[in-house]
Amino acid sequence: RQCLSPQWHSGGEGPPSFGSLKAPDSPRDLTATAPSAPSTEAQALAHYHAALAHQASGRVGAAVRHFRAALALQADFPAALCSLARAQSSICDWSSREATLVSVRASLVRQLDEGACPALQPFDAFAVPLELPLVLRLAQAHAAAAEAVAASLRPLLPPGGLCHPPRDAAAGSGAAGATRLR
């Protein structure tokens with residue numbers, strides 16, 4: 001365990017000595033060594049991940065609350081915005097649907113114009129009233145991002161790429177060598 005490793009001990013031998021610890025002289029000394037509070041961005045990200053966990057476990061109402069908290073902390077958070085729209089639709093929460101969809105569309109257009117891969121997934125676009133050219137741009141952006149990931153992985157493939165092993169002649173007994181299930 002890391003807390004028992006020699007680098008944590010004074011001098012590297014024996015248990016740590018607590019005799020050298022002394023109380024701070026003033027409250028200011030405490031704040032100087034206290035860890036800083038998480039940034040607003042980190043708090044928004046924590047709410048976003050909590051929302052995803054709630055959503056995955058079926059607690060969509062709690063997820064909606066965390067998505068909203070993330071957006072309150074960081075208004076420009078496209079993934080939280082798109083996830084909020086999807087979660088609200090899944091529980092038929094139409095309370096702010098129009099405003100959310102307007103924000104999703106504006107975020108999508110901004111991300112596409114910046115050349116970024118949008119947070120809105122192509123199949124999620126079916127639930128958002130978008131013009132077909134915009135849906136096409138969305139799908140093309142995601143296809144380009146997937147191609148970039150695939151291209152970055154190509155050098156890791158063995159020479160000749162990935163190939164199926166040769167067919168075992170005994171395995172195929174159906175039409176054109178297809179395996180028949182019985």
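## Cavity lining

Eight named residues surround the largest cavity: A85, Q88, S89, D93, W94, R97, T100 and L101. The model is predicted. By class, this lining has three nonpolar, three polar and two charged residues.

α4, residues 78-90, supplies at least two lining residues, and so does α5, residues 97-113.

## Cavity count and volume

How many cavities of 30 Å³ or more does the structure hold? It holds one. The largest cavity has a volume of about 40 Å³.

## How α2 packs on α4

A pair of packed helices is described by the angle between the axes and the distance between them. For α2 (residues 40-56) and α4, the axes come within 11 Å. They cross at roughly 25 degrees. Angles under 35 degrees count as roughly parallel, so α2 is roughly parallel to α4. The crossing of α2 past α4 is left-handed.

## Residues in the α2 and α4 contact

Which residues of α2 meet α4? Y48, L52 and Q55 do. Their partners in α4 are A79, A80, S83 and A87. The residues of this contact divide into five nonpolar and two polar, with no charged residue.

Terms used. Residues are numbered from 1 along each chain as its sequence is written. This is a predicted model: local features need pLDDT of at least 70, side-chain atom pairs count only at pLDDT 80 or more; totals for chains, interfaces and linings use all residues. Side-chain values use heavy atoms; hydrogens and water are left out. On a 1 Å grid over the protein atoms alone, a cavity is a set of points where a 1.4 Å probe fits but cannot get out, and a pocket is an open set with protein on both sides within 12 Å along at least five of seven lines; lining residues have an atom within 4 Å of a point. Grid points are joined across faces, edges and corners, and a volume is the space filled by probe spheres set on the points. Helices (H or I, at least four residues) and strands (E, at least two) are DSSP runs, numbered from the N terminus. Ala, Val, Leu, Ile, Met, Phe, Trp, Tyr, Cys and Pro count as nonpolar, Asp, Glu, Lys and Arg as charged, and the others, Gly among them, as polar. Axes are lines fitted to C-alpha atoms, for helices over the stretch in contact, and angles run from 0 to 180 degrees between N-to-C directions. Angles under 35 degrees count as roughly parallel, over 145 as roughly antiparallel, 65 to 115 as roughly perpendicular and the rest as oblique. A crossing is left-handed if the near helix is turned anticlockwise from the far one by less than a right angle, and right-handed if clockwise. Contact means heavy atoms within 4.5 Å.
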